[in-house]
Every structure is written in C-alpha cells, then in structure tokens.
Amino acid sequence: MRLVIETKRYGISLKKALGFTARCIQWEYLIKRMIPAVFGVFVGILLGNTVGGSICGLILKSLGADGFQFVVCRRQVLLIAIILVAAAANAIWLGIGEVKKIKAYECCMRKE
C-alpha cells in the first residue's frame, strides 16, 4: 500500500489542495482495496470447500486411499473469514497512513 500511495502522491496532493481531508482520501483507498480482499477471502473459502475437496480426493485416490471427504465446521470457517478480512483491513489501514504525511502544496512544486 505504501508503494501505491507513493506512486499516487501527486494525485493525493492535488486532492488535498482541492480541500479533501487525509481521512477522506484514506477511506477512499481503504474501500478500493477492501473489495478485492473480501472477494478473495470468500471465493477462496468457497472454492476450497467445493473444488478443494474433489482435488484432494483425486490425489489421495491415486495414492490408494478409498474415500475422502472434508469435514467443515461452519463456525470456524466464518471466524477465520472474519479474522482474514480484519487482518486485511488492518494491513491496508497501516499502509495508507502515509497519506497524512503528504502536503497539499506538493502538487504545485516542479517535478524533476
């Protein structure tokens, strides 16, 4: 996230010069980055519980196992999903903390 903020430094500075607050810009980046993170967590859980069981069954069947089936505790899956989303949000929020250090006048300075 720090690299993204650094590459968008000019645009962030311009937004600050136009009157956007650092908090508003941070929320914009948080939302933009959380959508793929949440989508990835839930698609990963869905595919792991459906396709993952079939793939593991095929691999174990080739090794001589007779039967294989995932036993899924839905509470644990939900808890892990919440923890993963919270960890992603925390990592993103820590990364976008650099927005506060960007000054509004930086967009007016000459680029070299």
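**Surface patch, helix packing and salt bridges**

Tutor: This is a predicted model. Leu47, Val51, Ile55, Ile59, Leu60, Leu63, Phe68, Phe70 and Val72 make a nonpolar surface patch of about 770 Å².

Student: Is Leu47 buried, partly exposed or exposed?

Tutor: Leu47 sits in helix α3, residues 22-62. Its relative accessible area is 45%. Buried means under 20% and exposed over 50%, so Leu47 is partly exposed.

Student: How do α3 and α4 run relative to each other?

Tutor: Helix α4 covers residues 74-95, and its axis is 9 Å from that of α3. The two pack at an angle of about 150°. Angles over 145 degrees count as roughly antiparallel, so α3 and α4 are roughly antiparallel.

Student: Which parts does the salt bridge of Arg2 with Glu98 tie together, and how many residues apart are they in sequence?

Tutor: The closest N and O atoms of Arg2 and Glu98 are 3.6 Å apart. Arg2 lies in helix α1, residues 2-7. Glu98 lies in the segment after α4, so the pair ties together parts whose separation in sequence is 96 residues.

Key:
Residues numbered from 1 in each chain as written. Predicted model: local features only at pLDDT ≥ 70, side-chain atom pairs only at ≥ 80, totals over all residues. Heavy atoms only, no water. Patch = residues over 30% accessible without salt bridge, like charges linked within 9 Å, V, L, I, M, F, W, Y side chains within 5 Å. Areas by Shrake-Rupley, 256 points an atom, 1.4 Å probe, with all protein chains shown as cover. Salt bridge = Lys/Arg side-chain N within 4 Å of Asp/Glu carboxyl O. Helix = DSSP H or I, 4+ residues; strand = E, 2+ residues; numbered from the N terminus. Buried < 20%, exposed > 50% of the residue type's maximum accessible area, 1.4 Å probe, protein only. Axes fitted to C-alpha atoms, helices over the stretch in contact; angles between N-to-C directions. Parallel < 35°, antiparallel > 145°, perpendicular 65-115°, else oblique.
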